[in-house]
Every structure is written in C-alpha cells, then in structure tokens.
Amino acid sequence: MNKRILQLLIVGLVAAFGWPAANAQDYPTKPITLIVPFSAGGPTDTVGRLIGRAMEVDLKQPVIVENVGGPGGTLGAGRVARATPDGYTILLHHIGQSTAPTLYRKLAYDPVDGFETIGLVNDVPMTLIARKDFPPNNLKELIAYVKANKDKVTYANAGLGAASHLCGLLFMTAIQTDLTTVPYKGTAPAMNDLLGGQVDFMCDQTTNTTSQIKAGKVKVYAVTTKKRVPSLPDVPTANEAGLPGFEVGVWHGLYAPKGTPKAVIDRLNKALKASLKDETVKQRFADLGTEPIADNLANPEAHKAHLKAEIAKWAPIIKQAGVYAD
C-alpha cells in the first residue's frame, strides 16, 4: 500500500475513533442538564437540587435541574433515554424506575437496557400518616379501623407510579384489604387535602412529611424502615408498631442514556460520590430523614443490581393489585 494512503487512513481512523475518547476525557466542557421527572418542590426534586449543586463543585460546570413531569416519571425518563449519549443530559429517578416495566403496558423505553447506571444516591424512608383528627391512634388501631371501614376510608396518593401509590399497594397487600384510593397530580395537592381533612391517610417520604409531623399537623403511625429514623426518634417502625416485615424505601439513582462513554460515566460517578460526602448535603438529608447511600453502593454496578432486584420485587405486587396504565 502506498505510504501516503496508509498515513491518510491512519489519520482518518484517529479522527473517527480517537476524538470521542479524547472528548470523553475532557468532559465536561459545558453545563449539564439534570432531568427530574417530577414537579418542582417535590421530594425527588429536593434530592436532585441538593446533589446537583454539590456535583457542580467537582465537575466545575453548572448542573441545571429541569423538571419534566409526567405519568410516574415516565415522560422525563423517556426523554433522557432518547437523549444524545454524551453526558450532558442525565436523569435522577426514584423507585419508579423499577416499577414502570410492570405498571405500564406500553413503555417507550427499557428502564434497564435503555440507560447507563451512574450510582445510587439515597434511600428515603416513608411514613404512614393521617389527617390530624382521624380516629385511630396507633398502627394496630389503623389496620383494624381500615379493615372495618374499607368502603369509607380514603387513601391519598400522588398518582400512578408515585412512591405514595406504591407504598399504598404494599400496605393493602400486607393487610389483605383493598381501599378506596384518591390519586392526585403530585405530592403537594395530596398533602394539602390531607391537611384539610378531605382524605383520610397516606404514605409518603420523610422528605415531604417530616415538617408536618414535627409541627403536629398530621397524625403519624410508623416509619417504613428496619430502624427508627434519627430525625423522628419517637416514631416507631412498622415492625415495632404491629405490621411485621412492612418495609419500603424510596431509593434514588442517577442515570445517563445508553451508550454514554465509560469515561463520562466514571467522571459523573466521581462527582456523585463527592456530592454525597458534602457536609451540606449530609446535613440537609439528615433534616429530611434520610442519609447518603453507602459508598460501596454509589457505583454503576451496585446500582444496576439494585434496579434489577427491585423490578423483581415489585412485579408480583403490582400484578396482584391489577393496576396498569396503557
């Protein structure tokens, strides 16, 4: 082969395959958009803004949170799945990423194979709460009361696929009783109606309920973790209060579109781990009843394994409830 032609071929190959790797190593060179697939002001939005601000320090680029609301987080997740895999559009999603494959008959993306996992962020406890004047005074009384009044009691949730919806499904499965559910378009309106006495009880994240509980505006029955939550030391676990084995946490994870270069994923993971060590993040998480995930779980491999395990956990519960969306 002519030497000149060979040189041109080598240059062409470098241009075709070398520059993307080099660009990945230089990443990031511009602002990053962090999609939160729920409304502003909600629990997941709070988590996203906290870690986004902290990741900026390590990445040395702005991390701009964009709220893309839609059914159970599917609209925002789908947008990221279709985004250019260059690390400039990423997703913060919660437990809904693991329930979407069963809840939605026509999902426009694959929650596992349509993304690159970056790392888990935190695991937020949930609380069973009720309007302040709801008759039951503890969890055992609540279970007995809702069983005796199942046609009258109303359970509020933030819509299909929301964490509060999933917790409600698990609660009804645990007590073997179907209740009248009242879906809302988000956590805020559901909480407002609970405070106003229009609905009876709900299950929601400590990031959304802690201030209401501490202010005495709602009645609280239990937290959904193995151990008591430090920010709510007087609230028993569901296991302590009379519902053995009832555990549910709203874990969050960070994702990038499938095909994002490994060097970019590694860079984002480094920034995520740095954000989880940030003192402001740790303090704000503690105030909201949660804490950063353990360092050995804040990586792509552990994140993907957890996602698959959660899909397997929730599929039979959702199928038993017979709740689906087209």
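Pro257 is located in strand E9 of the predicted model. The residue is buried, with a relative accessible area of 1%, which places it under the 20% cut-off for that class. Leaving aside residues up to four places away in sequence, Pro257 touches Val80, Ala81, Ala83, Thr84, Pro85, Thr89, Gly114, Phe115 and Glu116. For Glu116, the separation from Pro257 is 141 residues in sequence, whereas the C-alpha to C-alpha distance is 5.8 Å.

Thr154 belongs to strand E5, which covers residues 154–157. Because buried means under 20% relative accessible area, Thr154 also falls in this class, at a relative accessibility of 17%. Its contacts, again not counting residues up to four places away in sequence, are with Thr180, Val182, Gln198, Val199, Asp200 and Phe201.

At the level of the whole chain, the secondary structure consists of 12 helices and nine strands. The radius of gyration is 22 Å, close to the 20 Å given by the globule rule for 326 residues, so the chain is as compact as a globular protein of that length. The C-alpha trace spans about 90 × 40 × 30 Å along its principal axes. Of the 326 residues, 54% count as buried. Among contacts with a separation of 6 or more, 79% are between residues 24 or more positions apart.

Confidence was examined next. The average pLDDT of the protein chain is 89, and 91% of the residues score at least 70. Over residues 6–22, pLDDT stays under 50, and the model has five contacts beyond four places in sequence for this segment. Where pLDDT is low, predicted coordinates should not be read in detail.

Rolling a probe the size of a water molecule over the atoms shows where empty space is left. At least two lining residues each come from strand E4 (115–131), strand E9 (249–257) and helix H12 (300–321). The greatest contribution to this lining is made by E4, with four residues. In terms of residue class, the lining of the largest pocket is made up of 12 nonpolar, seven polar and eight charged residues.

The second largest pocket has a volume of about 410 Å³. It is lined by 27 residues, and those closest to its centre are Phe38, Ala158, Lys185, Gly186 and Thr187. Helix H2 (43–59), helix H6 (163–175), helix H7 (187–195) and strand E7 (201–205) each provide at least two residues of the lining of this second largest pocket. H7 gives the most, with three residues. The lining of the second largest pocket contains 12 nonpolar, 13 polar and two charged residues.

Note on methods:
Residues are numbered from 1 along each chain as its sequence is written. This is a predicted model: local features need pLDDT of at least 70, side-chain atom pairs count only at pLDDT 80 or more; totals for chains, interfaces and linings use all residues. Side-chain values use heavy atoms; hydrogens and water are left out. Ala, Val, Leu, Ile, Met, Phe, Trp, Tyr, Cys and Pro count as nonpolar, Asp, Glu, Lys and Arg as charged, and the others, Gly among them, as polar. On a 1 Å grid over the protein atoms alone, a cavity is a set of points where a 1.4 Å probe fits but cannot get out, and a pocket is an open set with protein on both sides within 12 Å along at least five of seven lines; lining residues have an atom within 4 Å of a point. Grid points are joined across faces, edges and corners, and a volume is the space filled by probe spheres set on the points. pLDDT is the predictor's confidence in each residue, from 0 to 100. Contact means heavy atoms within 4.5 Å. The radius of gyration is taken over C-alpha atoms; the globule rule is 2.2 Å times the number of residues to the power 0.38. Buried means under 20% relative accessible area, exposed over 50%, partly exposed in between (1.4 Å probe, protein chains only).
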